Amino acid sequence: MEPAISVEHLQVIRGGRTVVADVSFTVPSGTLVGLLGPSGCGKTTLMRSLVGTQVVAGGLVELFGQPAGSPNLRSQVGYVTQAPSVYSDLTVSENLRYFATVLGVQRSAVDRVIDEVGLGEHTDTVVGRLSGGEQARVSLATALLGSPRLLVLDEPTVGLDPLLRRDLWALFAGLAGTGTTLMVSSHVMDEAERCQRLLLMRDGRILADDSPESLLARTGSTDFDTAFISLVADPST
Amino acid sequence: MTLRRTGATTRRVLRQLGHDPRTVALLLAVPAVLMGLLAWILRSRDADFSRFGPPLLGIFPLIVMFLVTSVATLRERTNGTLERLLTMPLTKAEFVMGYALAFGFTAVVQAIVVSGLSFGLYGLHVSGSAWLVVVVAVVDALLGTALGLSLSALASTEFQAVQFMPAFILPQLLLCGIIVPRSELPTALHWLSDILPMSYAVGATQQLSTSVAVTSEFLVDIGVVGMFAAAALLLGAATLRRRTR
């Protein structure tokens, strides 16, 4: 089976600065991948390249065997940006009903995703009146509407309380279990243990591409912050 | 282009307006109050009211719709919803038409309110059909919407977008023939006014103020305004980028 994500020698230059430098990796279908690295290391740009909204300077990005940004992929890929990209002057259900029509999915999908992100009490609340974390979940719910084969989520758990974070990671794991591929970025290294596979990024390069267990073992660390530091100090580890 | 996605976009934009009743009130009241003010100022100068009234009946909605549309589209570009929509199966034409229909509908309501008050209460008279004045007002408002959609691509902040009103609309107001007939403008300015849409918008209403029958000049003028609106919508669609740097 072809990989969900296949990136070869990707290079992105923004404003004269190389933001992503010669990045290559592949992700098999149904994997929950964590993209971890400090703020500004190129995570968002890499994700934008995957969903096809970023002009790239070189390299190849394919999703399910098709070039990123192909019209065919538009109903198969869900993308959630860091800032909630939903209409703050509409209610939760008005937002989701609109995006459901654009995606051409059944109205029943709206109730399903509201339930998945736990916003049942707020369906008729105007999004602008919700808290930051709730707004982020409306944005996430929008991406879940079309039951996409690949979900690209940019820092979906920032600012959420630990209980909610646990629930969302459980949702992500559940989706991966049913064959959905997820790429979830975070700058919080502790979230690494929730993933099946890790891409550690720094200064536009992939520092490590490994499973969480193997990464800790080969760096001789007990936590991911320490593992990251030892990788920066000695990339050959 | 599908009707379903265009229609959904139109309903969504109207629903956003619905959540903002103060904006709806302003959209309907501002042109109406301005025309009332004009009628009051010119209460003992019937000839002047007949001269300035009909063109301004089209220009006020044009300006209002220009501002509202440029801010709405800019918001859509800056809050990430446009980028999200363009990663979905929504075409650029569906997006632009969705907006044009929503604000076009708003423009029809606005034009009917302001024209109804002008002809019914403020005592405005034209030689031609008052309904055609309403038609011109709607086409003008659509032109404002179309210009707002395309020019908002040039703005990266709300501060810039709001300044496009004095930058792109006020020069047209000076050159469109209300202050000085276009034929009396210096040659270079006359040429310039020839390529500005508002000249034709005002030309159309001037035809209606003076001629009882529908003149061919009127049809040409309104056709040109419509073409400017269509061209601006196409340009608006062309400025939407799925991929950005």
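A cavity, as the term is used here, is a set of grid points where a 1.4 Å probe fits but cannot get out, and its lining residues are those with an atom within 4 Å of a point. In this predicted model, a search of the whole structure finds one cavity of 30 Å³ or more, and the largest share of the lining of the largest cavity, three residues, is supplied by S6(A). Chain A also holds an open sheet of four strands, on which helix H1 of chain A packs.

**The cavity**

- The volume of the largest cavity is about 100 Å³, and among the 13 residues that line it, those closest to its centre are A:Val77, A:Gly78, A:Leu103, A:Ala143 and B:Met88.
- Two or more lining residues are given by each of strand S6 (77–80) and helix H4 (132–144) of chain A.

- The strands of the open sheet follow the order S2-S1-S4-S5 (chain A), and their pairing is antiparallel.
- Because strand S2 (17–27) and strand S5 (66–67) of chain A each have a single partner strand, they stand at the edges, and one side of each is left without a neighbour in the sheet.
- Strand S4 (residues 58–63) of chain A pairs with S5(A) in the antiparallel sense over two bridges, and A:Gln66 in S5(A) is the bridge partner of A:Leu63.

**The helix on the sheet**

- Helix H1 (residues 43–51) of chain A touches strand S1 (5–14), S2 and S4 of chain A as it packs on the sheet, and the direction of H1 makes about 120 degrees with that of S1(A).

Definitions and conventions
Residues numbered from 1 in each chain as written. Chains lettered and ligands numbered in written order. Predicted model: local features only at pLDDT ≥ 70, side-chain atom pairs only at ≥ 80, totals over all residues. Heavy atoms only, no water. 1 Å grid on protein atoms, 1.4 Å probe; cavity = no way out; pocket = protein on both sides within 12 Å on 5 of 7 lines; lining within 4 Å. Points joined across faces, edges and corners; volume = space filled by probe spheres on them. Pairing = 2+ DSSP bridges. Contact = heavy atoms within 4.5 Å. Axes fitted to C-alpha atoms, helices over the stretch in contact; angles between N-to-C directions.
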